[in-house]
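This report is an introduction for a reader new to the structure. Please look at the sequence and the model below before reading on.

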Amino acid sequence: MQTLEHEPLQILYQDAYLVAINKPSGLLVHKSPIDKHETRFALQEVRELIGQYVYPVHRLDKPTSGVLLFALSKEVAQVLSNDFRENRVKKEYVAVVRGYVEEQGLIDHPLKQMLDTKAEKIRGITKEEQEAQTYFETVAMVELSYAVGRYATARYSLVKLKPQTGRKHQLRRHMKHIHHHMIGDTKHGRGEHNKFFREKFGCHRLLLHAHNIKFIHPITEKCMNIFANYDSTFEQLFHTFGWDSVK
């Protein structure tokens with residue numbers, strides 16, 4: 001498991017109304033009953049970093065890295081939260097997945113709501129299916145001379161993902177649905193490929209990164225486009241696979 005104890009948060013943008021950071025993989029956004037043992041949270045660390053109370057307006061899963069936005073007031077938080085819900089915030093992710101993915105396409109596949117706690121499951125709480133859409137675009141591919149699973153070689157793709165809805169684990173579940181599981185996904189992925197990346201490349205994280213978000217600033221009405229750079233794991237893989245020119 002990756003340790004984040006000595007990894008400082010990077011501020012990508014800050015003004016009088018909001019702040020954006022590059023969240024590292026493995027860091028929770030806020031306290032969660034699913035990870036009761038965790039003591040580090042992006043929410044608290046950003047507050048300590050800028051010396052000001054901040055309000056979450058969206059979230060990234062614990063293993064996902066990339067752009068994470070906070071508001072500096074309740075009023076701005078309400079506007080931004082609504083913009084996220086209404087899909088007025090455009091998000092682009094980058095992921096490494098197994099196999100050669102088609103050039104581009106739309107995954108339109110409903111997803112059942114995921115139960116958050118064991119208590120919900122024990123009480124028999126059920127959740128309905130919700131519509132879910134994700135656009136994808138393949139930007140690079142690689143074939144490696146290693147036998148993983150039943151194939152003599154291993155193929156992987158670098159894809160851009162643009163969710164049109166915001167369902168829990170949507171991108172990971174959608175890529176599983178089209179049989180191109182994300183590397184490092186211990187819940188929805190393929191163990192043999194995760195093991196291969198751990199042993200061959202020292203990769204111990206989910207290879208999903210929130211690369212940039214676009215939105216209209218709630219106060220200045222300026223068009224914002226905030227990018228988050230890749231961590232060392234991604235950078236090393238880009239170099240190893242010859243993907244430096246497409247990242």
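Is C203 buried or exposed?

## Cysteines

C203 is buried, because its relative accessible area is 3%. C223 is exposed, because its relative accessible area is 57%. Here buried means under 20% relative accessible area, exposed means over 50%, and partly exposed lies in between, computed with a 1.4 Å probe on protein chains only.

A disulfide is a covalent bond between the sulfur atoms of two cysteines. The rule applied here asks for a pair of cysteine sulfur atoms within 2.5 Å, and by this rule the count is zero disulfides.

## Basis of the model

This is a predicted model, in which local features need pLDDT of at least 70 and side-chain atom pairs count only at pLDDT 80 or more, while totals for chains, interfaces and linings use all residues. Residues are numbered from 1 along each chain as its sequence is written, and side-chain values use heavy atoms, with hydrogens and water left out.

## Strands β1 and β2

Helices (H or I, at least four residues) and strands (E, at least two) are DSSP runs, numbered from the N terminus. Strands β1 and β2 pair in the antiparallel sense over four bridges; two strands pair if DSSP finds at least two bridges between them. The bridge partner of Q10 is N22 in β2.

## Helix α1

Helix α1 spans residues 42-50, and its buried residues include A42, L43, V46, R47 and I50. These residues lie on the same side of α1, because they cover an arc of only 135 degrees around the axis. The arc is taken from the directions that run from the helix axis to the C-beta atoms.

The cover over the buried residues of α1 includes β1 (10-14), β2 (18-23), β3 (55-56) and β4 (65-71). Just after α1, G51 has a positive phi of about 65 degrees.

## E92 in strand β5

Strand β5 covers residues 90-98 and contains E92. E92 counts as buried because its relative accessibility is 14%. Contact means heavy atoms within 4.5 Å. Neighbours within four places in sequence aside, E92 is in contact with K160, L161, K162, H209, A210, H211 and N212.

## G184 in a loop

G184 belongs to the loop between α4 (170-177) and α5 (191-201). With neighbours within four places in sequence left aside, G184 is in contact with N194, R205 and L206. A separation of 7.8 Å lies between the C-alpha atoms of G184 and F197, which are 13 residues apart along the chain.
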